[in-house]
Amino acid sequence: MARGMKIAINTGGGDAPGLNAVIEAVVMSAYHRGWEVYGIKNGYTGLLNTDEIIPLTPERVRGISSIGGTIIGTTNKGNPFQMPITNMAGETEIRDVSDKVVENFKRLRFDCLVAVGGDGSLKIAHDLYSKGIPVIGVPKTIDNDLKATVITFGFDTAVSIATEAIDRLHSTAKSHERIMVVEVMGRHAGWIALNSGISGSASVILIPEIPFDMDKICEHIMERDIKGERYAIVVAAEGAAPKGGRAIDKGSGEVGRQDVVLGGVGEYVAKEIAKKTGKDTRSLVLGHLQRGGSPTTFDRLLSLRFGAAAVRLIEEKQFGKMVALVPPDVKGVPLEDAIGHIKLVSLESDTVRTARDIGISFGD
Ligand code: F6P
């Protein structure tokens with residue numbers, strides 16, 4: 001009898017609600033075809049230390065779709081093409097260890113790698129595909145900034161959490177006649193700030209796509225003030241920057257990390273508003289609350305659909321593809337269509353126009 005497929009799955013980059021649902025759908029869909037699935041721990045590093053590979057059985061994954069995080073771990077420091085290795089002298093150097101990943105993958109007789117990740121992890125998946133590993137990508141990021149799919153899983157949950165937080169800020173901001181500045185995630189694209197800001201009735205939304213002007217923000221706040229609305233909520237994406245300026249890099253100092261850690265724009269904007277308007281101002285950072293906990297029903301269903309579609313692509317041997325939501329269907333699209341181009345908020349989109357129509361300022 002022919003051997004069934006042996007599938008490896010990993011989750012890379014920042015976690016997002018829905019990762020476990022993808023894992024559950026991949027394992028169950030494979031199981032019903034008589035195939036086996038193995039979890040590669042912590043992104044691609046589990047293909048270097050192969051004792052970090054765990055069999056994923058139906059018993060292990062049944063019911064995990066409602067749980068946040070990822071049962072196989074994740075990292076944003078495990079790029080096998082640029083791996084930090086500490087030598088005998090205690091010095092760290094960057095090495096390309098991708099040949100080892102390919103060798104281990106083949107030695108363990110895997111037939112396919114399902115790589116669940118954002119732009120960085122999917123780029124690695126694509127490069128491994130070019131080195132001969134049959135790969136299927138699954139798009140994940142709460143930032144929703146991946147091309148080729150209308151939406152990534154994790155985004156809906158993040159927007160729901162941010163909207164709930166903004167809703168809660170209204171009563172305290174109003175009671176104290178304060179300006180509350182809430183910083184949400186969104187490195188390159190302002191999808192979370194835009195959708196939660198509109199839904200949560202923010203007065204000002206700051207996104208990376210629209211450089212802001214502090215004077216315009218303050219004018220908008222004071223115009224409200226004159227009309228008797230003495231409080232305001234400002235929602236700022238972490239990647240938002242003033243005109244002519246840059247997003248604030250917190251500088252994590254994490255070895256092997258290839259992206260910068262952003263943060264601080266909320267505090268900066270709050271201080272400037274206080275200085276220029278004399279109003280009481282507070283700032284808060286929602287941070288990883290947006291990534292934790294259970295996925296919403298939308299994200300859960302999308303993740304399950306992505307996982308099952310990934311297994312169908314394997315069955316059809318459509319390697320080098322990524323599952324994508326192209327409504328009404330989930331389809332396979334070439335991995336290279338998704339990577340290397342960020343999906344930004346279109347300034348002409350009806351969502352941006354809706355915000356402007358209902359009186360929300362973008363600080364421009
Ligand atoms: O890319 C997803 C994301 O949540 C970004 O919005 C954010 O800048 C980054 O990850 C934070 O990464 P970390 O969890 O490593 O601080």
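Helix axes are taken here as lines fitted to C-alpha atoms over the stretch in contact. The model is predicted. In it, helix 1 (residues 19-31) and helix 9 (residues 297-315) approach each other with their axes within 7 Å and a crossing angle of roughly 40°. The crossing of helix 1 past helix 9 is right-handed. Helix 1 contributes Ala21, Val22, Ala25, Val26, Ser29 and Ala30 to the contact, and helix 9 contributes Arg300, Ser303, Leu304, Gly307, Ala308 and Val311. By class, the residues of this contact comprise eight nonpolar, three polar and one charged.

The ligand is surrounded by Asn76, Ile142, Asp143, Met185, Gly186, Arg187, Glu238, Arg257, His288 and Arg291. Several of these residues place polar side-chain atoms by ligand oxygen atoms. For arginine 187, the distance from a polar side-chain atom to an oxygen atom of the ligand is 2.8 Å, and for arginine 291 the corresponding distance is 2.9 Å. An N or O atom in the side chain of glutamate 238 lies 2.6 Å from an oxygen atom of the ligand. The ligand taken alone exposes 400 Å², of which the protein buries 82%.

Two features of backbone geometry occur in loops. Most residues other than glycine have a negative phi, and most peptide bonds are trans. Alanine 148, in the loop between strand 7 (135-139) and helix 5 (155-176), has a positive phi, near 75°. Proline 327 and proline 328 are joined by a cis peptide bond with omega of about 5°. Proline 328 is located in the loop between strand 12 (321-326) and strand 13 (329-334).

How values were computed
Residues are numbered from 1 along each chain as its sequence is written. This is a predicted model: local features need pLDDT of at least 70, side-chain atom pairs count only at pLDDT 80 or more; totals for chains, interfaces and linings use all residues. Side-chain values use heavy atoms; hydrogens and water are left out. Axes are lines fitted to C-alpha atoms, for helices over the stretch in contact, and angles run from 0 to 180 degrees between N-to-C directions. Helices (H or I, at least four residues) and strands (E, at least two) are DSSP runs, numbered from the N terminus. A crossing is left-handed if the near helix is turned anticlockwise from the far one by less than a right angle, and right-handed if clockwise. Contact means heavy atoms within 4.5 Å. Ala, Val, Leu, Ile, Met, Phe, Trp, Tyr, Cys and Pro count as nonpolar, Asp, Glu, Lys and Arg as charged, and the others, Gly among them, as polar. A residue is near a molecule or strand if one of its heavy atoms lies within 4 Å of it. A polar contact is a pair of N or O atoms within 3.5 Å; within protein, one must be able to donate a hydrogen and the other to accept it, and residues adjacent in sequence count only if both atoms are side-chain atoms. Accessible areas come from the Shrake-Rupley method with a 1.4 Å probe; for residues, only the protein chains shown count as cover.
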